Amino acid sequence: MTVSGFTFNAFSENTYLLHDATGQCVVVDPGCYDKAEQQALQAFIEAQGLQVVLLVNTHCHIDHVFGNAFILDTYKVPFLIHEADLATLRAVPTYAPSYGFAQYSPAEPTGFLTAGTPVRFGNTELEVRFTPGHAPGHVVFYHAPTQVVIGGDVLFQGSIGRTDLPGGDYQTLINSIRTELLTLPDAVTVYPGHGPATTIGAERIGNPFLR
């Protein structure tokens, strides 16, 4: 599996495309808000000859869902989130204008992610792990063969996700990290929702929040 990343919007959010040798592609957390960002993502997909087959959100805070409607309108694919984050998603239109994002277009999921039920595309299978604390319905996606986690806003290089937003809880987040991420091998690469990639081993040793 190949991970292609893009940094979009005023929150510097990381959007990921997951694709394999079949050319099938999953879009994770499309943060593309304006036309230029949407066109950049679409141009890459076309240039690589990728076939978008699924849209997923690790969680549904505003910066991770800007591009949901664009992806659905453009590629007509299923859209999955964890059901516990449905209220988080539906709240975005109520506060988007106050953040300066009056052009936000909402989108409803077509189904739900469940921990232990894999996400499949092409020749690839992703393990879904439930990691609440930053958001009530947060999940991460683990690909064991390439030792990769698409981690959303749970674990960052030297930091962790914030827990002061509605539905956040510090101890719940720490527990999620310890049970669902630190149980993975040290060599696993974590692709977070913001900032550079890191590894489980590096965070196990050096992350001040996990000591």
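Buried means under 20% relative accessible area, exposed over 50% and partly exposed in between, with a 1.4 Å probe and protein chains only. By that rule both faces of strand 10 are covered, with Val148, Ile150 and Gly152 buried on one side and Val149 and Gly151 buried on the other. This is a predicted model, in which local features need pLDDT of at least 70 and side-chain atom pairs count only at pLDDT 80 or more, while totals for chains, interfaces and linings use all residues. Residues are numbered from 1 along each chain as its sequence is written, and side-chain values use heavy atoms, with hydrogens and water left out. Helices (H or I, at least four residues) and strands (E, at least two) are DSSP runs, numbered from the N terminus.

- An open sheet of 6 strands has the order 7-8-9-10-13-14, and its pairing is mixed; two strands pair if DSSP finds at least two bridges between them.
- Its edge strands, each pairing on one side only, are strand 7 (119–121) and strand 14 (198–199).
- Strands of a sheet pair through backbone hydrogen bonds, either parallel or antiparallel.
- Strand 8 (residues 124–130) pairs with strand 9 (residues 139–143) in the antiparallel sense, over 4 bridges.
- Within that pair, Glu127 stands opposite Tyr142 of strand 9.
- Strand 9 and strand 10 also run antiparallel, joined by 3 bridges, and Phe141 stands opposite Ile150 in strand 10.
- The hairpin of strand 9 and strand 10 has 4 residues between the strands, and in it Gln147 takes a positive phi near 55 degrees.
- Strand 10 runs parallel to strand 13 (residues 189–192), with 4 bridges between them; the bridge partner of Val148 in strand 13 is Thr189.
- Strand 10 (residues 148–152) is largely enclosed by the rest of the structure, because 5 of its 5 residues are buried.

- Helix 3 (residues 68–75) is mostly covered, with 6 of its 8 residues buried.
- Those buried residues are Asn68, Ala69, Phe70, Ile71, Leu72 and Tyr75.
- Their cover includes strand 3 (24–28), helix 1 (35–47), strand 4 (51–56), helix 2 (62–65), strand 5 (79–82) and helix 4 (86–95).
- Just after helix 3, Lys76 takes a positive phi of about 50 degrees.

**Nonpolar cores**

- A nonpolar core is a set of buried Ala, Val, Leu, Ile, Met, Phe, Trp, Tyr and Cys residues joined through side-chain atoms within 4.5 Å.
- The largest nonpolar core has 30 residues, of which Leu17, Leu41 and Ile71 touch the most other members.
- Strand 1 (2–8), strand 3, helix 1, strand 4, helix 2, helix 3, strand 5 and helix 4 each supply at least two residues of this core.
- Helix 3 gives the most to this core, namely 5 residues.
- Contact means heavy atoms within 4.5 Å; leaving aside neighbours within four places in sequence, Leu41 is in contact with Phe6, Phe8, Leu17, Cys32 and Ile71.
- Another core, of 17 residues, lies apart from the largest one, and among its members are Val26, Leu54, Val56 and Leu126.

**Two residues compared by setting**

- Ile45 lies in helix 1 and is buried, with a relative accessible area of 1%.
- Not counting residues up to four places away in sequence, Ile45 touches Leu17, Leu50, Val52 and Tyr75.
- Ile45 and Phe66 are 21 residues apart in sequence and 18 Å apart in space, C-alpha to C-alpha.
- Ala87 is found in helix 4 and is exposed, with a relative accessible area of 59%.
- Ala87 and Cys60 are 27 residues apart along the chain, and their C-alpha atoms are separated by 8.8 Å.

**The largest pocket**

- On a 1 Å grid over the protein atoms alone, a pocket is an open set of points where a 1.4 Å probe fits, with protein on both sides within 12 Å along at least five of seven lines, and lining residues have an atom within 4 Å of a point.
- The largest pocket has a volume of about 340 Å³, a volume being the space filled by probe spheres set on the points, which are joined across faces, edges and corners.
- Of its 15 lining residues, the closest to the centre are His61, Ile62, Tyr95, Tyr99 and Leu165.
- Helix 2 and helix 4 each supply at least two residues of the lining, and the largest share, 4 residues, comes from helix 4.
- The lining divides into 8 nonpolar, 4 polar and 3 charged residues; Ala, Val, Leu, Ile, Met, Phe, Trp, Tyr, Cys and Pro count as nonpolar, Asp, Glu, Lys and Arg as charged, and the others, Gly among them, as polar.
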